[in-house]
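User: I would like to learn how to read a structural model feature by feature, with the general idea given before each case. Could you take me through one?

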Amino acid sequence: VQSFQAHNGAVWTMKFSVCGTMLATAGQDGLVKIWKVQHRPEMDVALLHGAAAAAHDDDHLHKIEERVPPTALHVFDATPMRVYRGHKADVLDLSWSRSRFLLSSSMDRTVRLWHSSMDECLRIFSHPDFVTAIDFDPSDDRFFLSGSLDEKLRMWNIPAKTVDDSVDVHEMITAARFMPAGETCAVGTHTGKCRFYSCEGNTFEYVTQLDVGKSSTSVGGRAGLPAAPGAATAPRMSTDTILEQQSNMTNDGTSGTVAGAQGDPSTSKGP
């Protein structure tokens, strides 16, 4: 296990690149950092160490321990390979494309586009409220989803810097992700609802809804079934309330420390 100070303040999001060779981190300090993932021969020895320990093979374990240096499980460089500046507030989400482009979304109401080989920001996409969720289209990285506290889900066209389509979810969006094939996306809201939309032709069409924690499923929008849920929702929290809650989270002891376990990128979580 490796632990290191990556940011000043809370780390809100971490994402491994699609190729698995880089880790992007971001959070309260408004910085986006990229860390190179190392692979050294001694790491393979360290894996053998773990296997021997799990098998309770003491003789084999002692022999391997003599070959494992203290830094064998340090999978990240001590210094980031890129530090991106430009956001004016907390960074809430990150998304990688297969071609190593990186999107970052922020409480400064923007999404910024970067590339791991460059130092400068390539594009800025402005929104009317905090941008809580972003995701590259896995089938075509010229497009991405964004979800915002203005309750709208947007499909962005990067080369044109335009919104191809948008849909009013009628609740504040806290998460948004494409399915692996890119034909459907899922959207999470602050009231615990998860809605699914078809994205074919970069146009949203409501498919179904899940109420997390409830046994019932609301289905609509196709084959003559009821239409998408309307605007009857829980009261919208003010921006000041959200900022106060986030400040309380940080005061409760959330730090800018990143901890990583070798060979398990799936453990990284968003905010």
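The dialogue below goes from the whole chain to a sheet, the salt bridges and the cysteines.

User: What should I know about the model before reading any value?

Analyst: This is a predicted model, in which local features need pLDDT of at least 70 and side-chain atom pairs count only at pLDDT 80 or more, whereas totals for chains, interfaces and linings use all residues. Residues are numbered from 1 along each chain as its sequence is written, and side-chain values use heavy atoms, with hydrogens and water left out.

User: How many helices and strands does the protein chain have, and what part of its residues is buried?

Analyst: Helices (H or I, at least four residues) and strands (E, at least two) are taken as DSSP runs and numbered from the N terminus; on that basis the protein chain has three helices and 19 strands. A residue is called buried under 20% relative accessible area, exposed over 50% and partly exposed in between, with a 1.4 Å probe and protein chains only. Of the 271 residues in the protein chain, 43% are buried.

User: How do I read a sheet, and in which order do the strands of the open sheet run?

Analyst: Two strands pair if DSSP finds at least two bridges between them. Here four strands form an open sheet in the order 6-7-8-9, with antiparallel pairing. Strand 6 (91-96) and strand 9 (123-126) are at the edges and have a single partner strand each, so one side of each lacks a neighbour in the sheet. On average, neighbouring strands of this sheet are turned by 20° against each other, direction ignored, where axes are lines fitted to C-alpha atoms, for helices over the stretch in contact, and angles run from 0 to 180 degrees between N-to-C directions. Strand 6 is joined to strand 7 (residues 101-106) by five bridges, and Trp96 has Leu102 in strand 7 as its bridge partner.

User: How should I read a salt bridge, and how many does a search of the whole structure find?

Analyst: Side chains of opposite charge can pair when their charged atoms come close. The term requires a side-chain nitrogen of Lys or Arg within 4 Å of a carboxyl oxygen of Asp or Glu, and the search finds six salt bridges. In one of them, Asp119 and Arg82 have their closest N and O atoms 3.4 Å apart. Asp119 lies in the loop between strand 8 (110-115) and strand 9, and Arg82 in strand 5 (residues 82-84), so this pair ties together parts that are 37 residues apart in sequence. Asp119 is exposed at 57% relative accessible area, whereas Arg82 is buried at 19%.

User: Which residues are linked with Asp93 in a network of salt bridges?

Analyst: The network links Lys15, Asp93 and Arg177. Within it, the side chains of Arg177 and Asp93 meet at 3.2 Å, N to O; this pair links distant parts of the chain, with Arg177 in strand 14 (residues 173-178) and Asp93 in strand 6, 84 residues apart. Arg177 is partly exposed at 30% relative accessibility, and Asp93 is buried at 3%.

User: How many disulfides does the structure hold, and is Cys194 buried or exposed?

Analyst: A disulfide is a pair of cysteine sulfur atoms within 2.5 Å, and the structure holds zero disulfides. For Cys194, the nearest cysteine sulfur is that of Cys185, 9.6 Å away. Cys194 is buried at 18% relative accessibility, while Cys121 is partly exposed at 24%.
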